[in-house]
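Let's take a walk through this structure together. We'll start with the ligand and its surroundings, then turn to one of the helices.

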Amino acid sequence: MHIAVIGNGIVGTCTAAWLQRDGHRITFIDPLGPGEACSFGNAGSLSPSACLPVGMPGMWRKLPRWLLDPLGPLTVRWRYAPWVLPWLLRMQQHSSRAEVTRIATALRSLLTPIFDCYEPLLEHAQAQALVRRSGCLYVYSSRDTAAQWKWGMDLRRSLGVQLRDVERDELEQLEPDLKGRFRFGLLAPENGSTVDPAQLVAALHAQCLRDGAVHLRRRATGFERTGGRVSAVQMEGAEPLAVDGVVVAAGAWSRALAAQLGDRVPLETQRGYHVTVRSSNLQLRHTVMAVEHNLMVNPMAMGLRLAGTVEFAGLKAPPNYERAQALLRQGQALFPHLDTSEVTQWMGHRPCMPDSLPVIGATRGADNAWLAFGHGHMGMCMGASTGREVAHLVAGRAPQVDLAPFSPQRF
Ligand SMILES: Cc1cc2nc3c(=O)[nH]c(=O)nc-3n(C[C@H](O)[C@H](O)[C@H](O)COP(=O)(O)OP(=O)(O)OC[C@H]3O[C@@H](n4cnc5c(N)ncnc54)[C@H](O)[C@@H]3O)c2cc1C
């Protein structure tokens, strides 16, 4: 089939690569280059362990304090508050222990095969060097503090995540740069990361083009239908493109396109920030999650990346780079010897659903249209497994993962 993939972030690119393995002809439709939106500046962690949703039991007690702090880990711009409040209430409804257990089980099913699903794509694109399996350290100021997160960590373990306690001495041996602030850790040895998320998408996308895909630098605006099928994709400034099928993988911008295909989904964006310290003098070997600080630190090819925070302000408001600077100050406090003479900053739009589960499945309104977006904080992790599953759906094969929890019609 000739399939249009709308969006060439990590999700659209991996989906295209998996579809090509079935012999389909791909046209990417995206005004941007590969991986230039949210997939550009994320923390790059590829974590089979990252199966907990954003809305956790007890989080709501901290919310008022966070909301009053415009530089806190979770903030809402006041002008955007009336719009996002119903969505936040929905998220809250998914944060009971029973719901979190259900959601974590579903996320784990897409996260367990991360590397199995990336490996054939990386090998084909000769891009294996962009991914490493060096493990992740969740670090805490003390063992007592870590106890606050015990329920979630136990849930991860019950779902098969390997987590090993690391006491202070071993922690300092594993990562001498953590000395001082952190006295207890949990090592997730199966986790990995990419040394450059944008480069990872670009490499996979370039291979798709070498394998015959075409990239139209256009914004998709709608669909032409014949019977119950999409016959063409409409674009800004160009004639409609005739297709046999379409996948919407437009990240945080997917809602209007999904609605045109019959699925009204509560997609919201949680904006996140990074600072990348170019000439880092830290010698970290693992991805480090400073849990109390909601801060992820990842050594990358271009420097040390510090990323995190959630800001509800929609798709149009300009970035508040004070939030990125707050990440930098946090990094300086945790690593006083960090050389921050050369730093870049960035903001990206995470595509988020209130239950923290992505939308993966066939649309209600057309037999040859599929949705793949809403991966929230874990799109790099789940891009390749999503692509594999979409390829199964397009081919009419049984999925390898139970896709019911990700159904576009669950809302
Ligand atoms: C600070 C931060 C840290 C993060 N850290 C991690 C991490 O460590 N690990 C992890 O797994 N995830 C992480 N994430 C999340 C991850 O980056 C996202 O989940 C992922 O990039 C989403 O990929 P995507 O392909 O769905 O969307 P995007 O990468 O945003 O791509 C969507 C594409 O669709 C295109 N598009 C939009 N509208 C249209 C249209 N109408 N027509 C055509 N094209 C269109 C856009 O131009 C864009 O290229 C992080 C995110 C942030 C912000």
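## Around the ligand

Strand S19 gives the largest share of the shell around the ligand, with four residues. Keep in mind as you look that this is a predicted model. Sort the shell by class and you get 19 nonpolar, 13 polar and four charged residues. There are 36 residues around the ligand, and the ones that come nearest are Asp30, Ser39, Ala220, Gly376 and Cys381.

Here are some polar atom pairs between protein and ligand:

| Residue | Protein atom | Ligand atom | Distance |
|---|---|---|---|
| Asp30 | polar side-chain atom | oxygen | 2.6 Å |
| Cys38 | polar backbone atom | oxygen | 3.1 Å |
| His377 | polar backbone atom | nitrogen | 2.9 Å |

How much of the ligand's accessible area does the protein cover? On its own the ligand has 1000 Å² of accessible area, and the protein covers 96% of that. As for which elements give two or more residues to the shell, they are helix H1 (10–21), S15, S19 and helix H12 (379–395).

## A look at helix H11

Now find helix H11, which runs over residues 322–334. Its 13 residues should span 18 Å at 1.5 Å a residue, and because the end C-alpha atoms are 18 Å apart, the model agrees with that expectation.

Which residues of H11 are buried? They are Arg323, Ala324, Ala326, Leu327, Leu328, Gly331 and Leu334. These buried residues pack against several strands: S4 (74–76), S15 (268–277), S16 (287–290), S17 (295–300), S18 (303–312) and S19 (343–352).

How values were computed:
Residues numbered from 1 in each chain as written. Predicted model: local features only at pLDDT ≥ 70, side-chain atom pairs only at ≥ 80, totals over all residues. Heavy atoms only, no water. Expected span 1.5 Å × (residues − 1). Buried < 20%, exposed > 50% of the residue type's maximum accessible area, 1.4 Å probe, protein only. Contact = heavy atoms within 4.5 Å. Near = heavy atom within 4 Å. Polar contact = N/O pair within 3.5 Å; in protein donor to acceptor, adjacent residues only side chain to side chain. Areas by Shrake-Rupley, 256 points an atom, 1.4 Å probe, with all protein chains shown as cover. Nonpolar A, V, L, I, M, F, W, Y, C, P; charged D, E, K, R; others polar.
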